[in-house]
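I opened the model and kept notes as I went. Here is what I looked up.

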Amino acid sequence: RILKRRQARAKLETLWKISHERKSYLHESRHKHACRRKRGPGGRFLTKAELAALDQGDTARNASTALQRRPSEDLAANNLIAIGGAL
């Protein structure tokens, strides 16, 4: 059945009865959802477990970065903000 439909479609395309161009996706909402999902190496969608591990790694990295900052850096940043400068 599928092959028959493909042959009919190819015939109509050669006769210019239907357009040759097709949308790259059928459903806009599914496309938007897929665009928002995080992807791993190779473009594969990440599983919930992989996302949780990634978030834990980010949280640990942010905590270690905050511990490594020196108080003088915080004072310099506060002074720039008070003066109106940007970081």
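The entries below go from the whole chain to single contacts.

**Ground rules.** This is a predicted model: local features need pLDDT of at least 70, side-chain atom pairs count only at pLDDT 80 or more, and totals for chains, interfaces and linings use all residues. I number residues from 1 along each chain as its sequence is written, and side-chain values use heavy atoms, with hydrogens and water left out.

**Confidence.** I checked pLDDT, the predictor's confidence in each residue, from 0 to 100. The chain averages 76, and 67% of the residues score at least 70. Helix α2 (residues 28-36) has the highest confidence, at 93. Helix α4 (residues 71-83) has the lowest, at a mean of 53. Where pLDDT is low, the predicted coordinates should not be read in detail.

**Layout.** I counted 4 helices and 0 strands. Both are DSSP runs numbered from the N terminus (helices H or I, at least four residues; strands E, at least two). From the N terminus, the order is α-α-α-α.

**Surface.** How much of the chain is buried? I found that 5% of the 87 residues count as buried. The cut-offs are relative accessible area under 20% for buried, over 50% for exposed, and in between for partly exposed (1.4 Å probe, protein chains only). The accessible surface comes to about 8300 Å². Carbon and sulfur atoms hold 57% of that. These areas come from the Shrake-Rupley method with a 1.4 Å probe; for residues, only the protein chains shown count as cover.

**Helix α1.** For its 13 residues that gives 18 Å, and the end C-alpha atoms are 18 Å apart, so the two agree. Of these 13 residues the number buried is 1, so α1 lies largely in the open. W16 follows α1 and has a positive phi, near 60°.

**Salt bridges.** I looked for a side-chain nitrogen of Lys or Arg within 4 Å of a carboxyl oxygen of Asp or Glu. The count is 2.

- R9 pairs with E13, with the closest N and O atoms 3.7 Å apart. They are 4 residues apart in α1, so about one helical turn separates them. An α-helix has 3.6 residues a turn, so residues three or four places apart point the same way. R9 is partly exposed at 33%, while E13 counts as buried at 18%.
- E50 pairs with R44, with the closest N and O atoms 3.2 Å apart. E50 is partly exposed at 29%, and R44 is partly exposed at 43%.

**Y25.** Which side chain does the side chain of Y25 contact? I found E28, in a polar contact of 3.1 Å. Such a contact is a pair of N or O atoms within 3.5 Å; within protein, one must be able to donate a hydrogen and the other to accept it, and residues adjacent in sequence count only if both atoms are side-chain atoms. Y25 sits in the loop between α1 and α2. Its relative accessible area is 27%, so Y25 is partly exposed.

Terms used. Expected span 1.5 Å × (residues − 1).
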